[in-house]
Amino acid sequence: MGHVLSSYQVNIIQSCDQCTSYIFAMEKALICSYCKIICHKKCISKIQNECTSYCVMKNETEAGSRHFGVRVCALTSERNPVPIVLEILLEHVEMNGLYTEGIYRKSGSANRMKELWQRLEADPTAVNLEEYPIHAVTGILKQWLRELPDPLMTFTYYNDFLHAVEMPGKQEQLQAIYRILEQLPQANYNTLERLVFHLVRVAKEEPHNRMTPNALAIVYAPCILRCPDNADPLTSMKDVAKTTMCVEMLINEQIRKYNERIEEIEQLEYAEALAVNQLKLKRQNTLWPLELRFSPYKRVVVNEKSSVDLSPVHEDSPTDSDIEAEKTLMERIKSIKEEKEEIVYRLPELEQPGSDQENLDSEASLSTESLLDERTGILDSEGQY
């Protein structure tokens, strides 16, 4: 049949592709290294279908790019810092699944997931995810993470993450977790940053999808912080609570930072609206000459207090103070826009709590407050025109 089967320890409940019965956590199963078919050991004799990926894997020169079961560093580049399959799946869920109740908790159809797996493996950009149920898409996303030879948070730092959550205080735990994150390979760090930002967006819609940070951590901890394959099963079972706690703390901390930055953006938008409004008022209150619409003279000013004197006069130019005030307002608006763009760009960042970057955030907040404080002075100056 072409299958290359190897022993596989199940970390979360899955279904056997042959008998459709459950394979429970910590049970031993068989998995094909090529097509990833999973079955009980007792069901090996029932396998009748051909390995769909065998011919692709057999000759590396013909294989082209593979997207499942490959190390993250081999799937990323300077142009694509996040693996393309993961980015496509995340974007689809963000567009179509954030309000779906039980998103990531409910399982998709095994047959549809297998079909989607094969199509994504062949050419991710040619797949129309609209053709698949949302739970099949989320199921294949979790499968992509589980099939990584080395999980996103890596086997190397598995014990370090566990020790981090054992520290006495919450702040110490967070700082330890973020210090370890900074040591991850760059490809893993970028991919994890994108995934956690996605989970923050899912958690923000908890009233609709019923997925709390804890629920998301329970689902994703076995995918991104799983124990090494050679670990003792009993020990790994005991570690589940710690790995879940670690991922949950990461999600909650990123939610807190996300809320802070959204608040900063709202303050900047308010400051920008004030500045734009002041600019409009200044331009309206400036005494510009009013041209006579049908006069043969192009430089004729209408004196609104008299309908008799229509003699041409020289147009007055705005004063230097008008020009300077308008320039200052335009520079302020530009500065606010740039600051907003920077905060939006930094929304997904996994930064160390209490780091220098947070100090910069505080300075940005202070600069926003100073912009708002200038409102009174601007209004006072407007009354002079």
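**Aromatic pairs, cores and helix packing in a predicted model**

Biologist: By the rule on ring centres, how many aromatic pairs are there?

Modeller: The structure is a predicted model. Rings of Phe, Tyr and Trp pair if their centres lie within 6.5 Å. By this rule, the number of aromatic pairs is three.

Biologist: Which class describes the pair formed by the rings of Y104 and Y220?

Modeller: The two ring centres of Y104 and Y220 are 5.2 Å apart. Planes over 60 degrees apart count as edge-to-face. The planes here stand at 75 degrees, so the pair of Y104 and Y220 is edge-to-face.

Biologist: How many residues apart are Y104 and Y220, and where does each lie?

Modeller: Y104 belongs to the loop between α3 and α4, while Y220 belongs to helix α10. The pair thus links distant parts of the chain, and the separation is 116 residues.

Biologist: Is Y104 buried or exposed?

Modeller: A residue counts as buried under 20% relative accessible area. The relative accessible area of Y104 is 0%, and Y220 likewise has 0% relative accessibility and counts as buried. Y104 is therefore buried.

Biologist: Which class describes the pair formed by the rings of F197 and Y258?

Modeller: F197 in helix α8 and Y258 in helix α11 are 61 residues apart, and their pair links distant parts of the chain. F197 is buried, with a relative accessible area of 15%, and Y258 is buried at 16%. The ring centres are 6.2 Å apart and the planes stand at 50 degrees, so the pair of F197 and Y258 is tilted.

Biologist: Which element gives the most residues to the largest nonpolar core?

Modeller: This core has 73 residues, and Y104, L145, F161, L181, L192 and I224 touch the most other members. Elements that give two or more residues to the core include α3 (84–96), α6 (158–165), α8 (186–204), α10 (213–224) and α11 (233–285). With ten residues, the element that gives the most is α8.

Biologist: Leaving aside neighbours within four places in sequence, which residues are in contact with L181?

Modeller: L181 is among the members of the largest nonpolar core that touch the most others. Once neighbours within four places in sequence are left aside, the contacts of L181 are M153, F161, Y189, L192, L250 and L350.

Biologist: How many residues are in the second, separate core?

Modeller: V10, I23, I31 and I47 are among the members of this second core. The number of residues in the second core is ten.

Biologist: How are α6 and α11 oriented to each other?

Modeller: The axes of α6 and α11 are 9 Å apart, and the helices pack at an angle of about 80 degrees. In this contact, Y158, F161, L162 and V165 of α6 meet D239, K242, T243, M245, C246 and M249 of α11. The contact residues divide into seven nonpolar, one polar and two charged. Angles of 65 to 115 degrees count as roughly perpendicular, and α6 and α11 are therefore roughly perpendicular.

Biologist: What is the phi of T154?

Modeller: Most residues other than glycine have a negative phi. T154 lies in the loop between α5 and α6 and counts as buried at 3% relative accessibility. Although T154 is not a glycine, its phi is positive, at about 65 degrees.

Biologist: Is R210 buried or exposed?

Modeller: R210 also has a positive phi, of about 60 degrees, although it is not a glycine. R210 lies in the loop between α9 (206–209) and α10. Over 50% relative accessible area counts as exposed, and at 51% R210 is therefore exposed.

Note on methods
Residues numbered from 1 in each chain as written. Predicted model: local features only at pLDDT ≥ 70, side-chain atom pairs only at ≥ 80, totals over all residues. Heavy atoms only, no water. Core = buried A, V, L, I, M, F, W, Y, C linked by side-chain atoms within 4.5 Å. Buried < 20%, exposed > 50% of the residue type's maximum accessible area, 1.4 Å probe, protein only. Helix = DSSP H or I, 4+ residues; strand = E, 2+ residues; numbered from the N terminus. Contact = heavy atoms within 4.5 Å. Phe/Tyr/Trp six-rings, centres within 6.5 Å; stacked < 30°, edge-to-face > 60°. Axes fitted to C-alpha atoms, helices over the stretch in contact; angles between N-to-C directions. Parallel < 35°, antiparallel > 145°, perpendicular 65-115°, else oblique. Nonpolar A, V, L, I, M, F, W, Y, C, P; charged D, E, K, R; others polar.
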